[in-house]
Amino acid sequence: MSQRLSTVRGVNIEHALDGLNPAQRAAVVTEASPLCLLAGAGSGKTRVLTRRIVWRIQQGSALAPHVLVLTFTRKAASELRGRLAALGVRDQVAAGTFHSVALAQLRRRWADRTERAPTLIDRKVALLAPLAPRSRRSELSDLAGEIEWAKARMVSPEGYVAAASGAARRPPLELSDMARLYQRYEEEKRRRGLVDFDDLLAHCAQALEEDPGFAASQRWRFRHLFVDEFQDVNPVQFRLLQGWLGDRLDLCVVGDPRQAIYSWNGAEPSLLRGLAARYPTAGVVRLEDNYRSSPQVLAVADAVMVQGGRAGRPPAPLRGRLRSNRPDGPVPTLAGAATDVAEARAIARRLRLAHRPGVAWSHLAVLTRTNAQLVLLEEALGAAEIPYRVGRGAFLERPEVRDALADLREGQPGRGLAAGLADLQEALRTSAGQRSDNGADERGLHLEALVRLAREYSALDAWPTVDGLLAWLAATVGREPAEQQGDAVELTTFHRAKGLEWPVVFVAGLEQGLVPIGHAVTPSAEAEERRLFYVAVTRAQVELHCSWAERRTFGTRTLRRRPSPYLVAVEAACRVLSGGGHPADGESPGDSAQPVGVAGLISRTRTNLGAARGPAARHRPKGAPAKPSPAMAPGRPAAAIAAQADEEALCALRTWRAAAARASGVPAYVIFHDSTLAAVAAARPTSPDELLAVPGLGPVKVARYGDTLLDLLQTHRASA
């Protein structure tokens, strides 16, 4: 390289390539345009993005003042600018969110045209409150969210019913009523000269399309476009991006299809997958070396995705698409608890054990699917005197919680809490009418948690008032004191954990109805839930601990729970990792015929496992020890066990498995492999403990299918 090219603006060009692996280096130096970087979790995407910007500036193919980097958070934009400055890019590179850039451009346009700028509203609920039906005033945040979804998808009020029906949307109102509310909201904004954040994107895109002068000035200003987290781009953002590009191709996008978790909010993951087809000259570089997670964590994450992506044929042996560049770590653990309270307390105990020398509290995190689940964890960690902080979007900051508390302030200030509590319960009953049977919709969970907290406060205060409740909430589950903001355990949701990482991660509340969430009723929604779990798992660098509860309280109801179906893949991966082998050819990892090392693999006691067995508990007297079948003698080969299978029992088990597979929409082997059913028919277990001794059966499958298997075998014995 010539001396003339080796330094630009006083920075050595080769410095931009220091420490990059071959794929990263290729991504930095390629001349492909547009360029699509498919960057897996922990693959160093931000590093590659900043290095590519530096490389192009230093090569002279891009000018720093004409670079625009689009991110999804202000924090990400600030971090990116800091990295560029550290790499020697002294000229200011523009970096910001779609909304912030659009607002800046619109303000300049309004000023140039001497137009009065409309007033920007930051929250839709204030405008929606007088427009919404009185019976839905407690659901204003959900109504606002539905309008945001429609505008992200560029759906007008006139087209809302068709679009929402096709997307299986379930807003608080009937679709036709929701469309009318959406129309009234738009009319009220126009009447009062208001715009919301969603309008900024559409207005800017429209101006670029209809005003040649404005388009020319913005395209001259921003000539080199870079987009981070491209899998989260929605249609209106993509329209705006195309407006900025015009007929040029100077675009670089970075994204990961496996981390597309915002379709529910209007994002369109197919824009990333289809970029190469849209632009024939596009180049695609894959970054598949992971620098965050241990091989053991990645094996579990990949197993979850393989289980969901290979319907109709057995998955390949456990090998991740991502290659770990970290040392081996411990095998992830899977734990069950009798109740949600017991689960929270057990996590608190394990957090204290994990806080060993060299491991700060801030190296530990607990992730849940919903914010409402964090309340019990806050209480458990508070009782254990473990410092913690609640991730962005803390419980008291949730829109529905904030709205409910505002209603309490207005309706019962300084007075008794009884009437306010009745209002909360009425809102909860209204929410229940919108909820699926498993009781796991996000809004309902938050209101249930608020009602439970109000009852706890009432039990402590002889004269409970609304003001007293508000003060108690602030002191109990509000934001942590300033002294705890430094070294503290992070409590946050799967969604808010995206982009973050910790050495030790606990993923809690892994139950059907929560993971996947109960309202994910379409195949695409379930696929997104699986990706969301993948995101949660890949936040762990060294240790991963998964847990669930057999009983969980929702308001005044305590419900029996089943483990998440994703835990079948987790358990199978852990079994393989613990044994050092792979499932047999043609066999699902969830049904490996290897004996399960329960003590060393699954940190769940047999006592907990059998704590709530239902009808199956009748198969042997309470307290009686399990009596293993002679067919299950230790060390006996699986083939020999299967040879003693009761043919009639095996036939009944296969018939049940076929029906269960059809109902779940999965291949039969995902439910149970043939060798596992044969072993069950040979052992003829009479209790959950005896089921655990059957090769290929672990705690997750025993909890999920154990009662059914035992009842089938009992029926077979009775008929015989």
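Predicted model: local features only at pLDDT ≥ 70, side-chain atom pairs only at ≥ 80, totals over all residues.
Tutor: A nonpolar core is a set of buried Ala, Val, Leu, Ile, Met, Phe, Trp, Tyr and Cys residues joined through side-chain atoms within 4.5 Å.

Student: Which residues touch the most other members of the largest nonpolar core?

Tutor: Phe494, Leu510 and Phe533 do, in a core of 64 residues.

Student: What does leucine 510 touch, leaving out residues up to four places away in sequence?

Tutor: Its contacts are Phe494, Val515, Phe533, Cys546, Ser547, Trp548, Pro563, Ser564 and Leu567. Each has heavy atoms within 4.5 Å of leucine 510, so each counts as a contact. There is also a second, separate core of 38 residues, with Leu70, Val101, Leu201 and Ala207 among them. In general, nonpolar side chains in soluble globular proteins tend to be buried together.

Student: What makes S5 and S10 the edges of the open sheet?

Tutor: Look at the order of its 6 strands, S5-S4-S8-S9-S3-S10, paired in parallel. Strand S5 (94-97) and strand S10 (283-287) each have a single partner strand, so one side of each lacks a neighbour in the sheet. On average, neighbouring strands are turned by 15 degrees against each other, ignoring direction.

Student: How do you know that S3 and S9 pair?

Tutor: Pairing needs at least two bridges, and 4 bridges join S3 (residues 35-39) to S9 (residues 251-255), so the two strands qualify. They run parallel, and leucine 35 stands opposite cysteine 252 in S9.

Student: Which helix packs on the sheet and touches S3, S4, S8, S9 and S10?

Tutor: That is helix H3, residues 45-59, whose direction makes about 175 degrees with that of S8.

Student: How do you know that the length of H3 agrees with what its 15 residues should span?

Tutor: At 1.5 Å a residue, H3 should span 21 Å, and its end C-alpha atoms are 21 Å apart, so the two agree.

Student: Why is H3 called mostly covered?

Tutor: Because buried means under 20% relative accessible area, and 13 of the 15 residues of H3 are buried. Just after H3, glycine 60 takes a positive phi of about 90 degrees.

Key:
Residues numbered from 1 in each chain as written. Heavy atoms only, no water. Buried < 20%, exposed > 50% of the residue type's maximum accessible area, 1.4 Å probe, protein only. Axes fitted to C-alpha atoms, helices over the stretch in contact; angles between N-to-C directions. Expected span 1.5 Å × (residues − 1).
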